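Subject: Structure for you, with notes

Hi,

Here is the structure I promised. Please open it alongside this email; my notes follow below.

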Amino acid sequence: MNRTDATDARWMARALELARRGLYTTHPNPRVGCVLVHDGRMVGEGWHERAGEPHAEVNALRAAGEQARGATAYVTLEPCSHQGRTGPCARALVEAGVARVVVAMRDPNPAVSGRGLRILEQAGITVECGLMAEEATALNPGFIKRMAHSLPFVRLKMAMSLDGRTAMASGESQWITGAAARGWGQRLRAQSSAILSGVDAVSMDGSRLTVRQPALIEAGLSEEAARAAAHDQLLRVVVDSTLRLSPQAPMLAEPGRTLVATLVDDPGRQAPLREAGAELIVLPAREGRVDLMALMRQLVEQEACNELLLESGPGLAGAMLAAGLVDELKLFMAPTLLGSDARGLLNLPGLERMDQQQTLVIDDIRAVGDDWCITARPCRAATGAVN
């Protein structure tokens, strides 16, 4: 690596660090950071803090002022080329007179990918793309998947004992893991656009499915970051094919929205839940239950859902995995044994031979308090979309 490459990598690393500050607040927009450098000195930096507010490039340009003229801009994502709630960042960079733009990755939206780079090039700006693209991609898995495939990035989070059990036979499950692991679970909730669960899990546990500021602070976030993350409660989604959720469910008394996905198209049966504050969507059936692929499409089209956190019992978790809709698993494993009568991790019927096993790729294993977190992903997608 020559000196120029090392310098570029240093400033792009700083831009990525800035982008991560928006990890919990930019939905449905991507997390983006920008650094402006002139004569080897940083003259302005910024990141996208919240949807509807200025993008990273605009914040950096405001910080730099006239010093942006002739500078190099390091941006983690291709500057936008369209007019939304804010103006196109590519035009802002041109008008500010920057001389060079280094971009980590192209816009994943096929309809506009490369357009921002062309605007810069046509204005005579030197453009380079691809520096630290892998790191930039890892920062926005949900936005990228939504743009490229019209599906959310689904992260399955489960807590289990060392013998792979998630609850006692009675359904009692609080708590298998310790406070540190539960704090990490709160962080996963906070960075998600929505949280998905099944009616059985919600009813059994009295789940509220909220983001709690004190737990985020305990998990290592600053008070400012925790306050921002908990400010807008994520969308709660409950799969309830036959409409069994009680209007007295604790989550319905919480701030934020609860969306119930059902097959029941009966206004009379829907009325109690609607009166309790729930929103209902009627979806097509697949083998007698809510079609999970249809639900995923709905969450993208109507809610612009980037990252979806799946916290459920073994039935819905197994169905999502079998349908090929799970992108990543976060398995928190406690050093305890619950015994053979306890409930298993996943319901995956139909696996009868070793060549049918669902193989995972393990990306990370780390200690979280007294527990362990295993991060894994399916190495091949299953077929179908059956719940």
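Helices α2 and α3 cross with a left-handed sense. This is in a predicted model. The axes of α2 (residues 56-64) and α3 (residues 89-96) come within 9 Å and cross at roughly 20 degrees. That angle is under 35 degrees, so α2 counts as roughly parallel to α3. On the α2 side, the contact uses Glu57, Val58 and Leu61. On the α3 side, Cys89, Ala92, Leu93 and Ala96 take part. By type, the residues of this contact are six nonpolar, no polar and one charged.

Now Glu57. UniProt lists Glu57 as "active site", in an unreviewed entry. Glu57 sits in helix α2. Its relative accessibility is 3%, so Glu57 counts as buried. Beyond its neighbours within four places in sequence, Glu57 is in contact with Cys34, Val75, Leu77, Pro79, Cys80, Cys89 and Leu93.

His55 lies in the loop between β2 (41-47) and α2. Cys89 belongs to helix α3.

Is Cys89 buried or exposed? Cys89 is buried, at a relative accessible area of 0%. Leaving out residues up to four places away in sequence, Cys89 touches His55, Glu57, Val58, Pro79 and Cys80.

Best wishes

Methods: Residues numbered from 1 in each chain as written. Predicted model: local features only at pLDDT ≥ 70, side-chain atom pairs only at ≥ 80, totals over all residues. Heavy atoms only, no water. Axes fitted to C-alpha atoms, helices over the stretch in contact; angles between N-to-C directions. Helix = DSSP H or I, 4+ residues; strand = E, 2+ residues; numbered from the N terminus. Parallel < 35°, antiparallel > 145°, perpendicular 65-115°, else oblique. Left-handed = near helix turned anticlockwise from the far one by under 90°. Contact = heavy atoms within 4.5 Å. Nonpolar A, V, L, I, M, F, W, Y, C, P; charged D, E, K, R; others polar. UniProt positions renumbered as here; feature names shortened; annotations may be inferred. Buried < 20%, exposed > 50% of the residue type's maximum accessible area, 1.4 Å probe, protein only.
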